[in-house]
Amino acid sequence: MKHIAFYAAILVLLVLAQSHVSMAVTCAPTQLAPCASAISSSSPPSTLCCTKLQQQKPCLCKYIKNPSLRNYVTSPNAKKVARICRVAVPKC
């Protein structure tokens with residue numbers, strides 16, 4: 001009986017570890033392409049833009065630290081889009 005409980009616990013841990021791995025984010029600024037029109041104009045962000053912004057949230061500091069991308073993430077319009085999408089722009 002102890003062996004069954006032990007193997008069941010191992011199985012649960014493996015399933016949890018696998019689910020965590022499958023949720024890993026690949027940082028790719030191109031994933032934010034659906035937000036381009038909202039950032040470059042006064043149009044509201046689309047649902048897809050907000051979804052992508054939420055997914056890329058763990059990557060925002062990386063983008064902010066990149067001189068080529070910084071202005072796209074920290075511009076007033078980008079901050080407005082983030083606010084509408086309820087994504088906090090981090091201070092890195």
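This is a predicted model: local features need pLDDT of at least 70, side-chain atom pairs count only at pLDDT 80 or more; totals for chains, interfaces and linings use all residues.
pLDDT is the predictor's confidence in each residue, on a scale from 0 to 100. Residues are numbered from 1 along each chain as its sequence is written, and side-chain values use heavy atoms, with hydrogens and water left out.

**Confidence**

- The mean pLDDT of the chain is 80, and 75% of its residues reach 70 or more.
- Over residues 2–22 the pLDDT is below 50. Beyond near neighbours in sequence, this stretch has zero contacts in the model, where a contact means heavy atoms within 4.5 Å.

**Overall build**

- The secondary structure of the chain consists of six helices and zero strands. Helices (H or I, at least four residues) and strands (E, at least two) are DSSP runs, numbered from the N terminus.
- Along the sequence the pattern reads α-α-α-α-α-α.
- Of the 92 residues of the chain, 23% count as buried. Buried means under 20% relative accessible area, exposed means over 50%, and partly exposed lies in between, with a 1.4 Å probe and protein chains only.
- Among contacts in the chain with a separation of 6 or more, 67% come from residues 24 or more positions apart.

**Disulfides**

- The chain has four disulfides, each defined as a pair of cysteine sulfur atoms within 2.5 Å.
- With bonded cysteines counted along the chain, the disulfides follow the pattern 1-5, 2-3, 4-7, 6-8.
- Cys-35 and Cys-49 form one of these links, with sulfur atoms 2.1 Å apart. The angle about their S-S bond is 110°, and the link is right-handed. Cys-35 lies in the loop between helix H1 (2–22) and helix H2 (36–40) and Cys-49 in helix H3 (residues 47–55), so the pair ties together parts that are 14 residues apart in sequence. Both Cys-35 and Cys-49 are buried.
- Cys-50 and Cys-85 form another disulfide, with a sulfur separation of 2.0 Å. Their link is left-handed, with -70° about the S-S bond. This pair joins distant parts of the chain, 35 residues apart: Cys-50 is in helix H3, and Cys-85 is in the segment after helix H6 (76–84). Cys-50 counts as buried because its relative accessibility is 16%, and Cys-85 counts as buried at 7%.
- Cys-61 and Cys-92 are also bonded, with sulfur atoms 1.9 Å apart. The torsion about their S-S bond is about -90°, so this disulfide is left-handed. The pair links distant parts of the chain, with Cys-61 in helix H4 (residues 60–65) and Cys-92 in the segment after H6, 31 residues apart. Cys-61 has 26% relative accessibility and therefore counts as partly exposed. Cys-92 is partly exposed as well, with a relative accessible area of 48%.

**The largest pocket**

- Rolling a probe the size of a water molecule over the atoms shows where empty space is left.
- The largest pocket has a volume of about 320 Å³. Of the 18 residues that line the largest pocket, the closest to its centre are Pro-29, Leu-32, Ile-39, Tyr-72 and Val-73.
- On a 1 Å grid over the protein atoms alone, a pocket is an open set of points where a 1.4 Å probe fits, with protein on both sides within 12 Å along at least five of seven lines; lining residues have an atom within 4 Å of a point. Grid points are joined across faces, edges and corners, and the volume is the space filled by probe spheres set on the points.
- H2, H4, helix H5 (70–74) and H6 each supply at least two residues of this lining.
- The lining of the largest pocket has 17 nonpolar residues, one polar and no charged. Here Ala, Val, Leu, Ile, Met, Phe, Trp, Tyr, Cys and Pro count as nonpolar, Asp, Glu, Lys and Arg as charged, and the others, Gly among them, as polar.

**Two single residues**

- Most residues other than glycine have a negative phi. Arg-86 has a positive phi of about 60° although it is not a glycine. Arg-86 sits in the segment after H6 and is exposed, with a relative accessible area of 74%.
- Pro-58 lies in the loop between H3 and H4. Its relative accessible area is 61%, so Pro-58 is exposed. The C-alpha atoms of Pro-58 and Thr-26 are separated by 9.3 Å, and the two residues are 32 residues apart along the chain.
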